[in-house]
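This briefing looks at the aromatic and nonpolar residues of the structure shown below. Please keep the sequence and the 3D view at hand while reading.

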Amino acid sequence: MKTHFLFPNAFKKIGWLLFVPSFILGTYLLLSGFDFDNSFVVKTFAIVNDRLFNQSKYFNFIENGILDELITVLVIVGGILVGFSKTKNEDEYISKIRYESLVWATYFNFGLLLFTTLFIFGFPYFYILIANIAAMLLFFIIRFHYKIYQLNKATNDDE
């Protein structure tokens, strides 16, 4: 079976190495109130820079703490590699599980986002929007691997 748009299985290990540590570190730093703006400050190119109480600037270089951007990139890239790398024995049933998990994660993620939009306000809502960057990938990875675990367990029990 030809699997379109999936990475080779070896990328899954790289994904786990990127995703897990960066997700744990990012969650810890965010919940601890860590000051991202003053960490790893470098001069970087900005398409749009809109600081509070300042005029927006476009296409310029700014001094910026990039730790939050680095963690976000690692979480997203790691999550994509984990979620969208082939399994060792990729077949039509695994593709069906992958598809159903992706649809389920999309519904679940946007359901939670709708709920929080209606009932959570202020900075807690902002934190939820930040968490939402990786939430759908996380929900997909959890459900997909849980369903694969169930499939493997059922297969081993039948033997």
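This is a predicted model: local features need pLDDT of at least 70, side-chain atom pairs count only at pLDDT 80 or more; totals for chains, interfaces and linings use all residues.

**Aromatic pairs and a nonpolar patch**

Phe7 counts as partly exposed, because its relative accessibility is 31%.

**Ring pairs**

- The structure holds 13 aromatic pairs.
- In the pair made by Phe7 and Phe11, the ring centres are 5.7 Å apart and the planes stand at 5 degrees, so the pair is stacked, given that planes under 30 degrees apart count as such.
- Phe11, the partner of Phe7 in this pair, is partly exposed, with a relative accessible area of 33%.
- The rings of Phe126 and Tyr127 have their centres 6.1 Å apart and their planes at 50 degrees, and the pair is therefore tilted.
- Phe126 is partly exposed at a relative accessible area of 43%, and Tyr127 is likewise partly exposed, with a value of 40%.

**Nonpolar patch and aromatic cluster**

- Phe45, Ile47, Val48, Tyr58, Phe59 and Phe61 make a nonpolar surface patch of about 710 Å².
- The elements that contribute two or more residues to this nonpolar patch are β1 (41-49) and β2 (57-65).
- Phe45, Phe59 and Phe61, which are among the residues of the patch, also form one aromatic cluster.
- Phe61 lies in strand β2 and counts as exposed, because its relative accessibility of 55% is over the 50% cut-off.

Conventions:
Residues are numbered from 1 along each chain as its sequence is written. Side-chain values use heavy atoms; hydrogens and water are left out. Patches are made of residues with over 30% relative accessible area and no salt bridge: like charges are joined within 9 Å, nonpolar side chains (Val, Leu, Ile, Met, Phe, Trp, Tyr) within 5 Å. Accessible areas come from the Shrake-Rupley method with a 1.4 Å probe; for residues, only the protein chains shown count as cover. A salt bridge is a side-chain nitrogen of Lys or Arg within 4 Å of a carboxyl oxygen of Asp or Glu. Helices (H or I, at least four residues) and strands (E, at least two) are DSSP runs, numbered from the N terminus. Buried means under 20% relative accessible area, exposed over 50%, partly exposed in between (1.4 Å probe, protein chains only). Rings of Phe, Tyr and Trp (its six-membered ring) pair if their centres lie within 6.5 Å; planes under 30 degrees apart count as stacked, over 60 as edge-to-face and the rest as tilted.
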